[in-house]
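Good morning, everyone, and thank you for making the time.

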Amino acid sequence: LSWAEKCARDRIKLAPSDARVIMRQGTSDKDIQRNKAMESYGYQLVRHFYRMEIDLDHTPLHPVLPKGLTITPIDMDIELQDAILATDEAFKDHWGHVEQPLEELMEQWEHFIANDHDFDPSLWYLAKDGDVIAGACRCAGKMIEDPNLGWVNNLSVRKPWRRKGLGTALLLTAFNEYYRRGKTRVGLGVDAASLTNATRLYENAGMHVSRQYNTYEMELRP
C-alpha cells in the first residue's frame with residue numbers, strides 16, 4: 001500500500017491542476033483481512049458493488065418493447081461511433097463517470113476491439129427509436145472464469161427513454177441469446193446505489209446478488 005501511494009503521488013502532476021486526486025481499490029466484502037488493512041492505512045469505504053446472476057434453467061421471458069422501438073445487433077461499419085456516444089451519454093449520471101473527448105473515446109474503443117480476441121459484435125445490441133439510439137446492451141461472448149456464464153458488460157438507456165421497460169427488454173434480449181447459445185447462467189456488475197435503481201430492474205428480471213464488493217478511496221489531493 002505504501003509503494004502504491006508513492007507511485008500515485010509521483011504522478012499527481014499528470015492530473016489537471018484543479019482536479020481532485022484519489023486512490024481507489026475494490027475488494028470482496030468477504031476478504032476481511034484485506035479490508036481491515038486498507039481501513040487501518042487510511043482508506044474510506046465509499047461504495048458497494050454487486051455481482052448479480054440468474055440461472056437459465058428454463059426459456060427466458062420474451063422481451064416486450066415500448067411502442068415504436070426495435071432491438072438489433074450493432075452494425076459495426078456504420079453505428080460504432082453513435083453507439084459509443086449514446087452509451088457514454090447514458091452513463092453520465094453513473095458514479096465516477098469522467099467526460100472524455102470523442103477522439104479519446106474512439107481511440108480507446110478501437111484499441112479494445114482490435115485486441116480483445118473474444119469481442120463478439122453479435123452480442124452488442126442497440127435499441128433504436130427510428131434511427132436514434134435509445135439504449136444499448138453490450139455482452140461478452142466468453143468468460144475465462146466460467147465458460148457456462150454469459151456476461152453483460154454494460155446496459156444503458158438514455159434519459160428520454162427511461163422508465164418505459166426498455167432496460168428490461170434489452171436485458172431479456174441478452175438472456176434469450178445466451179440461452180440459445182447454451183449458457184446456463186448470466187451475470188453482471190452493478191453499483192448498489194445506482195441513481196437509476198438498476199438493482200431493482202435486475203431483481204425484477206429474476207437476478208439475485210451473488211457477491212458484494214467494497215470500494216475504498218483515499219484522497220491524495222482535494
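Before we look at any single residue, let me give one definition: two strands are said to pair if DSSP finds at least two bridges between them. Please also keep in mind that what you see is a predicted model.

With that in hand, take Phe49, whose bridge partner in β7 is Asp191. The strands β2 and β7 run antiparallel, and they are joined by 7 bridges.

Stepping back, these strands belong to an open sheet of 8 strands with mixed pairing, and the order across the sheet is β1-β8-β2-β7-β6-β5-β4-β3. At the edges are β1, residues 21-28, and β3, residues 69-73, each of which pairs on one side only. If we ignore direction, neighbouring strands of this sheet are turned by 25° against each other on average. Helix α2, residues 32-41, packs on the sheet, where it touches β1 and β8, and the direction of α2 makes about 160° with that of β1.

The largest pocket has a volume of about 1,100 Å³, and of the 46 residues that line it, the closest to its centre are Ala90, Phe91, His94, Leu155 and Ser156. Which element gives the most to this lining? That is β6, with 6 residues. By class, the lining of the largest pocket divides into 21 nonpolar, 16 polar and 9 charged residues.

The second largest pocket has a volume of about 230 Å³, and its lining consists of Arg20, Ile22, Arg24, Gly96, Val98 and Glu217, which by class gives 2 nonpolar, 1 polar and 3 charged residues.

Technical notes
Residues numbered from 1 in each chain as written. Predicted model: local features only at pLDDT ≥ 70, side-chain atom pairs only at ≥ 80, totals over all residues. Heavy atoms only, no water. 1 Å grid on protein atoms, 1.4 Å probe; cavity = no way out; pocket = protein on both sides within 12 Å on 5 of 7 lines; lining within 4 Å. Points joined across faces, edges and corners; volume = space filled by probe spheres on them. Helix = DSSP H or I, 4+ residues; strand = E, 2+ residues; numbered from the N terminus. Nonpolar A, V, L, I, M, F, W, Y, C, P; charged D, E, K, R; others polar. Axes fitted to C-alpha atoms, helices over the stretch in contact; angles between N-to-C directions. Contact = heavy atoms within 4.5 Å.
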